[in-house]
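Visitor: I have a chain open in my viewer and would like to talk it through with you. Could we start with the charged pairs and go on from there?

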Amino acid sequence: MLPLSQTILLRDMESSITLRPEQEAALEKLHSGALLLGGTGSGKTYTSLSFYKRQYLYLDLYIITTARKRDDGDWQREGNDIGVQKMV
């Protein structure tokens, strides 16, 4: 993983949202292979997309979800909100 000081270079797309303090705290603790636990509406999607954007933006992002979530377009909307626009 890149040190936080170097991740700025990867964040070239603007985000239309600001993470809540608890999401920022979780983001600072996340590392590759970690699980992000939280209840419905706790901000897991935004937190995980922010982690991807900080650490792995140079890699393709594959989302594995339910058919309903895929068809609703939630991941695409939330990805656009956070500034991650290319999802497969």
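Guide: Before naming any pair, a cut-off is needed: a salt bridge here is a side-chain nitrogen of Lys or Arg within 4 Å of a carboxyl oxygen of Asp or Glu. By that rule R54 forms a salt bridge with E24, where the closest N and O atoms are 3.8 Å apart. Please keep in mind that this is a predicted model.

Visitor: Which helices do R54 and E24 lie in?

Guide: R54 belongs to helix α3 and E24 to helix α2, which covers residues 21-29, so the pair ties together parts that are 30 residues apart in sequence.

Visitor: And are they buried or exposed, R54 and E24?

Guide: R54 counts as buried, at 10% relative accessibility, while E24 is partly exposed, with a relative accessible area of 31%.

Visitor: How many salt bridges does the structure hold?

Guide: There are seven salt bridges in the structure. Among them is the one between K69 and D74, whose closest N and O atoms are 3.1 Å apart; K69 is partly exposed at 32% relative accessible area, whereas D74 is buried at 16%. Another joins the side chains of D71 and R70, at 2.8 Å from N to O, and D71 counts as exposed, with 56% relative accessibility.

Visitor: OK, stepping back a bit: how many helices and strands are there in the protein?

Guide: The protein has five helices and zero strands, so that its pattern, read along the sequence, is α-α-α-α-α. Of its 88 residues, 31% count as buried, and among the contacts with a separation of 6 or more, those between residues 24 or more positions apart account for 68%. The accessible surface comes to about 6,100 Å², and 56% of this belongs to carbon and sulfur atoms.

Visitor: Then which residues make up the largest nonpolar core?

Guide: That core has twelve residues in all, namely L19, L27, L30, Y46, L49, F51, Y52, L57, L61, W75, I82 and V84. The elements that give two or more residues to this core are α3, spanning 44-55, and α5, spanning 74-82, and α3 gives the most, with four residues. As a general background, nonpolar side chains tend to be buried together in soluble globular proteins.

Visitor: Let me pick Y52 from that list. What does Y52 touch, leaving aside its neighbours within four places in sequence?

Guide: With those neighbours left aside, Y52 is in contact with L57, L59, D60, L61 and V84. Y52 is found in helix α3 and counts as buried, at 9% relative accessibility. If you want a distance to check in your viewer, the C-alpha atoms of Y52 and S32 are separated by 9.6 Å, although these residues are 20 apart along the chain.

Visitor: What about aromatic pairs, how many does the count come to?

Guide: The count comes to one aromatic pair. It is made by F51 and Y56, whose ring centres are 5.9 Å apart and whose planes are at 65°, so the pair is edge-to-face, the cut-off for that class being over 60 degrees. F51 is itself buried, with a relative accessible area of 13%.

Visitor: Moving on to α5, which of its residues are buried?

Guide: In α5 the buried residues are D74, W75, G79 and I82. Seen down the axis of α5, these buried residues fall within an arc of 125°, so they line one face of the helix. They pack against α3 and against α4, which covers 67-72. Just after α5 comes G83, which takes a positive phi of about 95°.

Visitor: One more, on a loop this time: where does L36 lie, and what is L36 in contact with?

Guide: L36 lies in the loop between α2 and α3, and it is partly exposed, with a relative accessible area of 26%. Apart from neighbours within four places in sequence, L36 is in contact with A26, L30, K44, T47 and S48.

Note on methods:
Residues numbered from 1 in each chain as written. Predicted model: local features only at pLDDT ≥ 70, side-chain atom pairs only at ≥ 80, totals over all residues. Heavy atoms only, no water. Core = buried A, V, L, I, M, F, W, Y, C linked by side-chain atoms within 4.5 Å. Buried < 20%, exposed > 50% of the residue type's maximum accessible area, 1.4 Å probe, protein only. Phe/Tyr/Trp six-rings, centres within 6.5 Å; stacked < 30°, edge-to-face > 60°. Arc of directions from axis to C-beta. Contact = heavy atoms within 4.5 Å. Areas by Shrake-Rupley, 256 points an atom, 1.4 Å probe, with all protein chains shown as cover.
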